[in-house]
Amino acid sequence: MPARPSNAPLLRAAAMAAPPALGVFFLILILILLLPLRAEEPAAEPADTRDAAQAPVRSAPAPVTDVARLCVCDLLVAQCDTNCCCDPDCSAEDFSLFTECSVPLVIGDSQLCSQKAAVYSLDVEANPPERIFKIIDQVNPSIFCIHATNYKQALYLKTPEIPTAENFDQLLDKFGGATFSVEPDSWNLDTDAQNPPEENETSRYEYGVPVQTEDAFLRLPSPVVSSWCSDANPAGFLVNQATKCIRSVSVGKCDSIQALSMLFYINSSILAVPKSSQMVNITVQSIVVQSLNGMRTLLSSSNVLRLPMVLGELCINAVLGVNYHITHTDTGEIIEAAAAFVLGAISKEELSIEQSFEISFTQENTQPVPLSGNPGYVVGLPVRAGFQPQGSGIIQSSNKHSQLTILHSTSTQDCLAAQGARAPVLFGYNMISGCKLRITAAMKCQPLAQTLLDVLKGQSFPEYVASFGNSQAQDVLDWVPITQLHISEQSSCQIPVALGIEVKWTKYGSLVNPQARIVNVTATITTTTLKQLPSGRERIIPITSSVVFTDISSPAEPSYKAWPTINIKLPFDFFYPFV
């Protein structure tokens, strides 16, 4: 731009030629005229202001999602969706025609403990109806919620690395196995610095905690992604498991495959309690050798380790199955560990074998009791029963496997001969059994009534029934009391003739995989009057015992809502020109 001409010399000359009285006037006039010229010059910025402008502005990171801009019902592009109160394409006229807000609440991540929520509603009392929008702070009532999303790499989708000739081997080592870790290498939490060692250490194992060994944890191979075995599955304390998986093998290299050797499963000692120096060695309980045709032979001695080796076209002593048995105290300390092996031979034609693994836990000085389900009952397995002494937990029945039993019918059908013969009550099976009692005139009423009661109920009829197939004796609330009823007649001599047990159960849990749970058990004793028989006469009375299972599950509620009925009278020409 051309330089602006200055009138300062002209004003200065006029001031010098003016009289003194007018000098003051001209001086003031000159100052007034020069002020706009000074204002056009840029002012110098202070040093601290320039430094502050150049320094990067530090502010809190912007939220990942703005609930005011989220709208899940906005489906049409540049068009207003009906009853979608969050649609930015809808105007006030559109909102006045809405009947309801199809999405009244919009939130970002439902797993956050606290977050902003957009609430939409309609004010139908206004004329015309209008939409009401507000932002509220919503608190997640669940105790399992995310307090802060401080893992930045999880907030965006990372572009996957494209395989090339240079990185193919590296990617194959990282992702080629049955399982792999998706955690980045930079995510390294210093847990020792956050939590002091004395706070992490515990003096006992708790349910589900991985059983620790001197190098890592006790491995229980299992299929994870596919049917192939993964050795990264830890065995949880008090968690009985049984798994089967496929292992690829090569007969020529079978002696170098660790998973086929017994040492792989017993070479690491178990920690008696977590983070302790007390070790428990895994002993070999038994060794069973399986031939190629499936025949199994129990070896008399298990003191000698049998390692896999190549013998001609076979690989012998390969591990086909491992059964761990852990003994622990009531305080959660492991005191003994044993392993039972099944070894077999592999032919060169086999490229893979199936291995089975199992682990069970038993408290010391107790006998292991088989479960009838985990957690719900399995149809065909016995119903578990027991007693509760005063001020203690459940003591399971003294009969075989602590089962609820009924009278077992014999071939002679003689009740006195059948005394003591019991049959377990199997879950889901309606059962009936009985016998015949021959009554003579010499029989007394009271001893006969007690004998028949023992025949029907057994020597010790239980007081409780396990609600689940895996209910533990120490969990008293998991046991259902048996309600005993008596149906009798008014007479001087009553003898029991029937025992009816009704087991009410329900489907518990998810509809996808419901679990059978017993909620009520009723045992009803039916008696009849015993009339005195004449001398030399006999009478035969049938004695019956039955079990009925009743499903009292309520039907599932429908997951949909009925369409609302709209009572609107349409104009007579609404469908014009269509008929």
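Which residue in β3 is the bridge partner of Val119? Select Val119 and look across: the partner is Lys134.

Before going on, note that this is a predicted model, where local features need pLDDT of at least 70, side-chain atom pairs count only at pLDDT 80 or more, and totals for chains, interfaces and linings use all residues. Residues are numbered from 1 along each chain as its sequence is written, and side-chain values use heavy atoms, with hydrogens and water left out.

**Stop 1: the three-stranded sheet**

Helices (H or I, at least four residues) and strands (E, at least two) are DSSP runs, numbered from the N terminus. Two strands pair if DSSP finds at least two bridges between them. Select β1, β2 and β3. They form an open sheet in the order β1-β2-β3, with antiparallel pairing. β1 (105-107) and β3 (130-139) are the edge strands; each has a single partner strand, so one side of each is left without a neighbour in the sheet. Neighbouring strands here are turned by 20 degrees against each other on average, direction ignored. For such angles, axes are lines fitted to C-alpha atoms, for helices over the stretch in contact, and angles run from 0 to 180 degrees between N-to-C directions. Now highlight β2 (residues 114-123): ten bridges join this strand to β3.

**Stop 2: Gln111**

Go to the loop between β1 and β2, where Gln111 is found. Is Gln111 buried, partly exposed or exposed? Gln111 counts as partly exposed, because its relative accessibility is 47%. Buried means under 20% relative accessible area, exposed over 50%, and partly exposed in between (1.4 Å probe, protein chains only).

**Stop 3: the largest pocket**

Select Leu238, His328, Phe361, Gln472 and Gln474. Of the 40 residues lining the largest pocket, these lie nearest its centre. A pocket, on a 1 Å grid over the protein atoms alone, is an open set of points with protein on both sides within 12 Å along at least five of seven lines; a cavity is a set where a 1.4 Å probe fits but cannot get out; lining residues have an atom within 4 Å of a point. The pocket has a volume of about 1300 Å³. Grid points are joined across faces, edges and corners, and a volume is the space filled by probe spheres set on the points.

Next, colour β6 (241-248), β12 (314-328), β14 (352-363) and β16 (395-396), the elements that give two or more residues to the pocket lining. β14 supplies the largest share, six residues.

**Stop 4: the partners of β14**

Keep β14 on screen. Eight bridges join β6 to β14, and these strands run antiparallel. Thr243 stands opposite Phe357 in β14. β12 also pairs with β14 over eight bridges, in the parallel sense. Here the bridge partner of Asn323 is Glu358 in β14.

**Stop 5: the cavity**

The count comes to one cavity of 30 Å³ or more. About 100 Å³ of space lies in the largest cavity. Select its lining residues, including Asp215, Arg219, Tyr265 and Tyr324.

**Stop 6: helix α9**

Finish at α9 (residues 445-457). This helix has 13 residues and reaches 18 Å from its first C-alpha to its last, close to the 18 Å expected. The expected span is 1.5 Å times one less than the number of residues. Among its buried residues are Leu448, Leu452 and Asp454. Just after α9, click Gly458, which takes a positive phi of about 85 degrees.
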